[in-house]
Amino acid sequence: MEEEFAQLKSQLETIRLSAAERERVHAVLSEYVTHRPVSRGSAPAPVGYAWFAVHRFVAVVAVALVVVLFGGTVSYAAEGALPGDALYAVKVGVNEPLRDTFARTPEHRATREVDKVNRRLAEAETLAAEGRLNAALREDIETRVTVHLAAAEARVAMLKTDTDIAETLDATLDVHDSILASLGEDEVDGEEVGVLLARVRTVTSLRAHEYGRSGGEEPQAPMMALQTPSPSADEEEQQAAAESGAEADLAAEITEVGAELDTLQERALLGRPNVRISVREEAERLLNAADRALADADKELAKGEFETAEEKLTLARRALHRATIVLNAALRLPENIKLFPVRLPENGSDADAQNGDGDVESASVGSDREGNDDGEDREESRRGSSREDDDGRTRRGAG
Amino acid sequence: MNQNTNPEELFLKAYEGFGDSVFRHCYLRVSPREEAVDITQEAFMKVWDYLRTGQEVHNMKAFVFKTVNNLIIDWYRKKKPVTLDDEEALRIPDTLHATDPELAALGREALTLLARLDGEYRTVVELRIIEGFGPKEIAEILGETENAVSVRIHRGIAKLRELYESSPE
């Protein structure tokens, strides 16, 4: 159990100080120790053991407790199983149902379904990349995906206020669309991949039709739970207090998202052995988009434009989310897979990024898709982001 | 151990090593976020004050946690002078999210369960399971015997299971 726990630890993100906060405290502490040196005559404090070993990526609360509660009943060995493997039955028949029972709120239940959609598609992609996605396996996966998608949509529809999970579902579908499309063009099992891709796109277009996309979406309900006093319209004082409360909450949230962004950027840039350039580039594009949106959120906040700030914050979170899925995908797929750019539901340039890879190196151009030249978009967003990057970072640093 | 590294460097390395851990411990109990950061900082400063007098510290992380724990208790006293009960409520952050929403949801569920444990069980379970301290270290942090801590950990986990099994589906 300890070993499984250790494995999980390395994959998870957590509550942590943002880069800015960490540096700020570091600076204060550095000053402090400089101005208060060890007293003359006293021996330096001896150290018992190597307590300063750096453990930057620590486990999240959740998994620790789940492991404790379920002990050895969840087989982590089965987690990597693919359709056709002996342990796959354990993965979908034991592990996943077990995690399902741990979900008590409607929101969590909805997320569980989306998670399963994600897993099935990921399995298909891994198989396809290995040239192993035959018709039988594809059918199995397709059946499951259909069931999970239906369940996910049903549960999401039941959640009246929370559109964040709807976004998760859309993000999942968009990222897998990119990966499947890329695999479909290169791989032996192109036909099977194509069938799955068509299924994903059917759902995506139905959802787009029903719920609208990009600019049409309402900014989601604020995720801030912190103590925002409810304003009373006729009391000016309370109004002002409410605004400054809301502003503080929003500022705090920007910091939080910034911290997550920093974490993800570290992951992306650390260049794990099997994160390939093209996928990493894609993750970076998304992270840069998130960074830009976050900087915008800061600016809007400073101007007192709370609603706009929140919209920008939402965009940042979306980009971050997609970057995560992309990074996770990077761990599973072989080196030679190139991603088509992931759709980013932003107003303007990055939207409809579902296109052929406009880069010069890539031979295959998705001419059967929408005709925008995404290569250009990518360039633009890179240039834009490198200009704004410093500003964005500095602003958040000052926060 | 390299005896040539000076204590200042070692101290700062300690911060780099588990500053986030200390922050998380604060963050789950203290709000707003700013104050959690401040208390984290203050804890380290206090630890340095102790270190510079040449005192020995065998377990740095446990020592920092002990310090920060006391600061949190002080914070609670200042905040709620009326409450004699020292049970600090566990703050369940709403913003545990985005990077992996499903894990985040799982995290919230787990924290909700944890929050329902009685204070003294909750603390030891958190320190053991989340922060990864051993019973001996927890004993040091809380100023108790290792035995008492071990027993409490087991009981705490048992209660957690009970809570989980009896919670409505």
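Me: In chain B, for contacts between residues at least 6 apart in sequence, what share joins residues at least 24 apart?
Reply: In chain B, 62% of the contacts between residues at least 6 apart in sequence join residues at least 24 apart, where a contact means heavy atoms within 4.5 Å. This is a predicted model, in which local features need pLDDT of at least 70 and side-chain atom pairs count only at pLDDT 80 or more, while totals for chains, interfaces and linings use all residues. Residues are numbered from 1 along each chain as its sequence is written, chains are lettered from A and ligands numbered from 1 in the order in which they are written, and side-chain values use heavy atoms, with hydrogens and water left out.

Me: How many helices and strands are there in chain B?
Reply: Chain B has seven helices and zero strands, and from the N terminus on its elements run α-α-α-α-α-α-α. Helices (H or I, at least four residues) and strands (E, at least two) are DSSP runs, numbered from the N terminus.

Me: And what percentage of chain B counts as buried?
Reply: Of its 169 residues, 57% count as buried, and buried means under 20% relative accessible area, with exposed over 50% and partly exposed in between (1.4 Å probe, protein chains only).

Me: How many aromatic pairs does the structure hold?
Reply: Over all chains there are eight aromatic pairs. Rings of Phe, Tyr and Trp (its six-membered ring) pair if their centres lie within 6.5 Å, and planes under 30 degrees apart count as stacked, over 60 as edge-to-face and the rest as tilted. One of the pairs is B:Tyr15 with B:Phe44, which is edge-to-face at 5.3 Å centre to centre and 90° between the planes.

Me: Which parts does that pair tie together?
Reply: B:Tyr15 lies in helix H1 (residues 7-27) of chain B and B:Phe44 in helix H2 (residues 33-51) of chain B, so the pair ties together parts that are 29 residues apart in sequence. B:Tyr15 counts as buried because its relative accessibility is 2%, and B:Phe44 counts as buried because its value is 0%. Another edge-to-face pair is B:Trp75 with B:Tyr76, at 5.1 Å centre to centre and 80° between the planes; B:Trp75 is buried with a relative accessible area of 11%, and B:Tyr76 is buried at 14%.

Me: Which residues form the aromatic cluster?
Reply: B:Phe11, B:Tyr15, B:Phe18, B:Phe44 and B:Trp48 form one aromatic cluster.

Me: What sits over the ring of B:Phe133?
Reply: The charged end of B:Lys61 does, 5.0 Å from the ring centre, the criterion being NZ of Lys or CZ of Arg within 6 Å of the ring centre and within 35 degrees of the ring normal.

Me: Switching to H5 of chain B, what is its reach from first C-alpha to last?
Reply: H5(B), residues 119-130, has twelve residues and reaches 15 Å from its first C-alpha to its last, close to the 16 Å expected, where the expected span is 1.5 Å times one less than the number of residues. Ten of its twelve residues are buried, among them B:Tyr121, B:Arg122 and B:Glu126, and the helix is followed by B:Gly132, whose phi is positive, near 75°.

Me: And how many residues of H5(A) are buried?
Reply: In H5(A), 20 of the 24 residues are buried, so the helix is largely enclosed by the rest of the structure. Its end C-alpha atoms are 35 Å apart, which agrees with the 34 Å that its residues should span.

Me: Where is A:Thr126, and is it buried or exposed?
Reply: A:Thr126 is in helix H5 (residues 106-129) of chain A and counts as buried because its relative accessibility is 11%. A polar atom of its side chain lies 2.9 Å from the backbone oxygen of A:Ala122.

Me: What about the largest nonpolar core, how many residues has it?
Reply: The largest nonpolar core has 62 residues, and those with the most contacts inside it include A:Leu133, A:Ile141 and A:Leu320; such a core is a set of buried Ala, Val, Leu, Ile, Met, Phe, Trp, Tyr and Cys residues joined through side-chain atoms within 4.5 Å. The largest share of this core, twelve residues, comes from H11(A).

Me: What does A:Glu192 touch?
Reply: Not counting residues up to four places away in sequence, A:Glu192 touches A:Leu133, A:Asn134, A:Ala135 and A:Arg138. A:Glu192 is in helix H8 of chain A and counts as buried at 13% relative accessibility.

How values were computed. Polar contact = N/O pair within 3.5 Å; in protein donor to acceptor, adjacent residues only side chain to side chain.
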